[in-house]
Amino acid sequence: MNHNVMDRLHALLTELSLVQADALLEGTLERAAKEEPAYPDFLLDLLSMEKEFRTSRILQTRTRMAGLPYLKTLAQFDFSFQPSIDERQIKDMQTLRFIADYGNVILLGPPGVGKTHLAVGLAIEAMRGGYGAYFVTANDLINDLGKAVREGKLEQRMRQYTRSKVLIIDEVGYLPLDPVGATVFFQLVSARYERGSIILTSNKSYTDWGTVFGDQTIAAAILDRLLHHSTTVNIRGDSYRLKERKKAGLFSPAPPARDEEAAHATGA
Ligand SMILES: Nc1ncnc2c1ncn2[C@@H]1O[C@H](COP(=O)(O)OP(=O)(O)O)[C@@H](O)[C@H]1O
Ligand SMILES: [Mg+2]
């Protein structure tokens, strides 16, 4: 190979920020020398590798910025373990139509049933689909916005939670909110209303939200906006964590008094 030409090629690819094509140039040329593809095929091959690399790098950056607690996909979700979930409903969300329509997804159920997993899985799908996502627990969100109120920086901090197309608010209802917390939560839901999607998880049914927000009126106003364009997934089932511990033998012999554990100790 002509070294002068190779140097100029590398310099050009670098200048054009075709990082991956630059890195794979020698290998691709060697393969082409053996396989002798048509010129367009050669170019297609090199540029496709560049494109693939960029897509995965964008996804990586998005994923890092999203602040997900763990990376689990919808494909890793075992729907057979949680029959109360309509798999078609989740598959339908996977089309991401709800994001284009500024719709919300609310996942309700007791601890360990997969609420966060599904929220994370949907967030990953959204990012694969080119949307930005941001994950926060309700607790961190309220602490952050409460602090912003005290410092007179609410508007500025609010932007953190309104700029992504998808905001995941995890664990609403584990801790009751004070009046400031309830108010900033309402403001956030209003700010995102018909502008961006919220994926929310909660261990409390809607009837308990008055208690969670410490005020029936504000809870009703939040629910009014949240539920206007939304899908609720009500998960009624056993904790997956419990099943895993049982598999590890930590529950044997199963205490007969506890229905939930007994059912699973038999492999149900
Ligand atoms: N149906 C399921 N299939 C596969 N893993 C699951 C399933 N349900 C829960 N898990 C796993 O169990 C753990 C607890 O689930 P998580 O979604 O965090 O529960 P929670 O409902 O409390 O948010 C996670 O590691 C999650 O990946
Ligand atoms: Mg959770």
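1. The buried residues of helix α7 are Ala-138, Leu-141, Ile-142 and Leu-145, where a residue is called buried if 20 or more other C-beta atoms lie within 10 Å of its own, exposed if 12 or fewer do, and partly exposed in between, the C-beta atoms being placed from the backbone. These residues cover an arc of only 90° around the axis, which puts them on the same side of α7; the arc is that of the directions from the helix axis to the C-beta atoms. An α-helix has 3.6 residues a turn, so residues three or four places apart point the same way. The face of α7 turned away from the buried side carries the exposed residues Asn-143, Lys-147 and Arg-150.

2. Before going further, please note that this is a predicted model, in which local features need pLDDT of at least 70 and side-chain atom pairs count only at pLDDT 80 or more, while totals for chains, interfaces and linings use all residues. Residues are numbered from 1 along each chain as its sequence is written, and chains are lettered from A and ligands numbered from 1 in the order in which they are written.

3. Helix α7 runs over residues 138-150, and its 13 residues reach 18 Å from the first C-alpha to the last, close to the 18 Å expected at 1.5 Å a residue; the expected span is 1.5 Å times one less than the number of residues. The buried residues of α7 pack against β2 (133-137), α8 (154-162), β3 (166-172) and α9 (179-192). After α7 comes Gly-152, whose phi is positive, near 70°.

4. Helix α11 (residues 216-228) likewise has 13 residues, and from its first C-alpha to its last it reaches 18 Å, close to the 18 Å expected. Which residues of α11 are buried? They are Ala-219, Ile-222 and Leu-226, and they cover an arc of only 65° around the axis, which puts them on the same side of α11. On the other side of α11, the residues Gln-216, Thr-217, Asp-224 and His-228 are exposed. The buried residues of α11 pack against β1 (104-108), α9, β4 (197-202), α10 (209-212) and β5 (230-234).

5. For the chain as a whole, there are 13 helices and five strands, helices (H or I, at least four residues) and strands (E, at least two) being DSSP runs numbered from the N terminus. The radius of gyration of the chain is 24 Å, well over the 18 Å that the globule rule gives for 268 residues, so the chain is more spread out than a compact globule; this radius is taken over C-alpha atoms, and the rule is 2.2 Å times the number of residues to the power 0.38. Along its principal axes the C-alpha trace spans about 75 × 55 × 30 Å, and 26% of the 268 residues count as buried. Among contacts between residues at least 6 apart in sequence, 79% join residues at least 24 apart, two residues being in contact if their C-beta atoms, placed from the backbone, lie within 7 Å.

6. Around ligand 1 there are 16 residues, of which Asp-78, Gly-114, Thr-116, His-117 and Tyr-240 come nearest; a residue is near a molecule if its C-beta atom, placed from the backbone, lies within 6 Å of it. The elements that give two or more residues to this shell are α6 (115-128) and α12 (240-247), and the largest share, three residues, comes from α6. By class, the shell has five nonpolar, seven polar and four charged residues, where Ala, Val, Leu, Ile, Met, Phe, Trp, Tyr, Cys and Pro count as nonpolar, Asp, Glu, Lys and Arg as charged, and the others, Gly among them, as polar.

7. Two backbone angles deserve a check. Most residues other than glycine have a negative phi. Glu-36, however, is not a glycine and has a positive phi of about 45°; Glu-36 lies in the loop between α2 (19-35) and α3 (39-66) and counts as exposed, with 9 C-beta neighbours inside 10 Å. Leu-96, although not a glycine, has a positive phi of about 70°; Leu-96 is found in the loop between α4 (87-93) and α5 (97-100) and is partly exposed, with 19 other C-beta atoms within 10 Å.

8. A last point concerns Asp-45, which lies in helix α3 and counts as partly exposed, with 16 C-beta neighbours inside 10 Å. Leaving aside its neighbours within four places in sequence, Asp-45 is in contact with Thr-28 and Pro-37. Asp-45 and Thr-28 are 17 residues apart in sequence and 8.3 Å apart in space, C-alpha to C-alpha.
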